[in-house]
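Take a look at the sequence and the model below. Then we'll walk through some of the residues and contacts together.

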Amino acid sequence: MSLNREKYLAFVTLLEQLRSDATTTQIVAPELRQRVATLQQFFGQQIVPLADENWRVQSYQTEMSKQLRLLAIDVMFFQGARQASTAQTRLQTISDRLTTLIQYCDAICNQKRKEKITIVHLFL
């Protein structure tokens, strides 16, 4: 497994853990804000530096960066929620955004796998 793929899979693990916690436990806004900051830090330090000349991967990374910024805004809205129903709606929005980020990572990993398969077939 390539180092790049491992980093994306580690990022997916963080995303899935947060999504699970946000939907199954009583998560408080400060903890949620801290974990989103951790996601943003991991993305900035581990994912952004991955050099890739594939324009699709670059597009996914750009979208992931945007989704992470929107996720931070969603957390602020969650923090400001005064009613339980509003808080629940905000948590669902956060969960949906995390799902989108996971799908982007999966698309990148699958893209890289398809490229490797194509290269192998070229040599056969």
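Let's start with Val 36, which sits in helix α2. Is Val 36 buried or exposed? Val 36 counts as buried, because its relative accessibility is 2% and the cut-off for buried is under 20%. Leave out residues up to four places away in sequence, and Val 36 still touches Leu 18, Leu 71, Ala 72 and Val 75. Take Leu 71 from that list: Val 36 and Leu 71 are 35 residues apart in sequence, yet their C-alpha atoms are 7.5 Å apart in space.

Before going further, keep in mind that this is a predicted model. The chain has 124 residues, and 33% of them count as buried.

Now for the helix pair α1 and α2. How do α1 and α2 run relative to each other, roughly parallel or roughly antiparallel? Their axes come within 11 Å and cross at roughly 170°. Angles over 145 degrees count as roughly antiparallel, and α1 and α2 are therefore roughly antiparallel to each other. On the α1 side, the contact is made by Lys 7, Tyr 8, Ala 10, Phe 11, Leu 14, Leu 15, Gln 17, Leu 18 and Asp 21. On the α2 side, the residues are Leu 32, Arg 35, Val 36, Leu 39, Phe 42, Phe 43, Gln 46 and Ile 47. Sort the residues of this contact by type and you get 12 nonpolar, 2 polar and 3 charged.

Next, the rings. How many aromatic pairs does the structure hold? There are 3 aromatic pairs. One of them joins Phe 11 and Phe 43: the ring centres are 5.8 Å apart, the planes are at 40°, and the pair is tilted. Phe 11 lies in helix α1 (residues 3–24) and Phe 43 in helix α2 (residues 29–47), so this pair ties together parts that are 32 residues apart in sequence. Both ends are tucked away: Phe 11 is buried, with a relative accessible area of 0%, and Phe 43 counts as buried at 6%.

Another pair is made by Tyr 60 and Tyr 104. Their ring centres are 5.7 Å apart and their planes are at 45°, so this pair is tilted. Tyr 60 belongs to helix α3 (residues 55–80) and Tyr 104 to helix α4 (residues 84–123), and the two are 44 residues apart, which makes this a link between distant parts of the chain. Tyr 60 counts as partly exposed at 26% relative accessibility, whereas Tyr 104 is buried at 18%. Back at the phenylalanines, Phe 11, Phe 42 and Phe 43 form one aromatic cluster.

A few more residues are worth a visit. Ser 95 is in helix α4 and is buried, with a relative accessible area of 7%. Leaving aside neighbours within four places in sequence, Ser 95 is in contact with Arg 19 and Thr 23. Asp 96 also lies in helix α4, but Asp 96 counts as partly exposed, at 42% relative accessibility. Gln 17, found in helix α1, counts as partly exposed at 42% as well.

Here are some C-alpha distances side by side.

| Residues | Apart in sequence | C-alpha to C-alpha |
|---|---|---|
| Val 36 and Leu 71 | 35 residues | 7.5 Å |
| Asp 96 and Leu 71 | 25 residues | 9.7 Å |
| Gln 17 and Leu 98 | 81 residues | 9.9 Å |

Leu 71 turns up in two of these rows, with Val 36 and with Asp 96.

Last stop: where is Asn 54? Asn 54 is in the loop between α2 and α3. Although in a loop, Asn 54 counts as buried, at 15% relative accessibility. The side chain of Asn 54 reaches the backbone nitrogen of Arg 56 at 2.7 Å.

Technical notes
Residues numbered from 1 in each chain as written. Predicted model: local features only at pLDDT ≥ 70, side-chain atom pairs only at ≥ 80, totals over all residues. Heavy atoms only, no water. Phe/Tyr/Trp six-rings, centres within 6.5 Å; stacked < 30°, edge-to-face > 60°. Helix = DSSP H or I, 4+ residues; strand = E, 2+ residues; numbered from the N terminus. Buried < 20%, exposed > 50% of the residue type's maximum accessible area, 1.4 Å probe, protein only. Axes fitted to C-alpha atoms, helices over the stretch in contact; angles between N-to-C directions. Parallel < 35°, antiparallel > 145°, perpendicular 65-115°, else oblique. Contact = heavy atoms within 4.5 Å. Nonpolar A, V, L, I, M, F, W, Y, C, P; charged D, E, K, R; others polar. Polar contact = N/O pair within 3.5 Å; in protein donor to acceptor, adjacent residues only side chain to side chain.
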